[in-house]
Amino acid sequence: MVAFSCLIFVSSVSAEGMKVEPGLWETKSQVTSPGGTHENISQDCIKESEYSPENMMDENSGCEVTDLSSDAKSMQWTLYCENQGVAMTGNGHAKSTGTSIVGSMDMNANFNGQEVTMSTKWEGNRIGDCK
């Protein structure tokens, strides 16, 4: 199965992104796929005051964000990824209070004639100032 890695928090270049308070953020994510459920906890220094799915992907993921709509408290998007000849499509959404964020994304692919789904859920909280 092709692995697509996503980074949950990275600084944004979007002019109308969802608002978050800069600082040290802790993010808990859970990915459910045919290979099982994997959980991850990470801490990231967020320097920008806006969050956008366009910058959630690893630069080598082969993914493109389309149909992005956002305001200060929420956003939703469609994602298209192609990697090693496998195309995946999906939808995501997130909500922010400024110091916390929750979101999810569902992805679908046809891999060797078999439908494959992957769901990611995450929540993040500002836990202090960057060091």
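Strands are taken here as DSSP runs of type E that hold at least two residues, numbered from the N terminus. In this predicted model, strand 8 and strand 9 form a hairpin in which 2 residues lie between the strands, and Asn-112, placed in the turn, has a positive phi of about 55 degrees. The two strands pair in the antiparallel sense over 12 bridges, with strand 9 covering residues 114-128, and the bridge partner of Phe-111 in strand 9 is Gln-114.

Strand 8, which spans residues 100-111, is also joined to strand 7, made up of residues 86-96, through 9 bridges, and these two strands run antiparallel. Thr-89 has Asn-108 of strand 8 as its bridge partner. Strand 7 and strand 8 likewise form a hairpin, here with 3 residues between them, and the turn contains Gly-98, whose phi is positive at about 105 degrees.

Within strand 8 lies Ser-104, which is buried because its relative accessible area is 15%, a value under the 20% cut-off. When residues up to four places away in sequence are not counted, Ser-104 touches Asn-91, Gly-92 and His-93, as well as Thr-120, Lys-121 and Trp-122.

Although Asn-83 and Gly-62 are 21 residues apart in sequence, their C-alpha atoms are 5.7 Å apart in space.

Notes
Residues numbered from 1 in each chain as written. Predicted model: local features only at pLDDT ≥ 70, side-chain atom pairs only at ≥ 80, totals over all residues. Heavy atoms only, no water. Pairing = 2+ DSSP bridges. Helix = DSSP H or I, 4+ residues; strand = E, 2+ residues; numbered from the N terminus. Buried < 20%, exposed > 50% of the residue type's maximum accessible area, 1.4 Å probe, protein only. Contact = heavy atoms within 4.5 Å.
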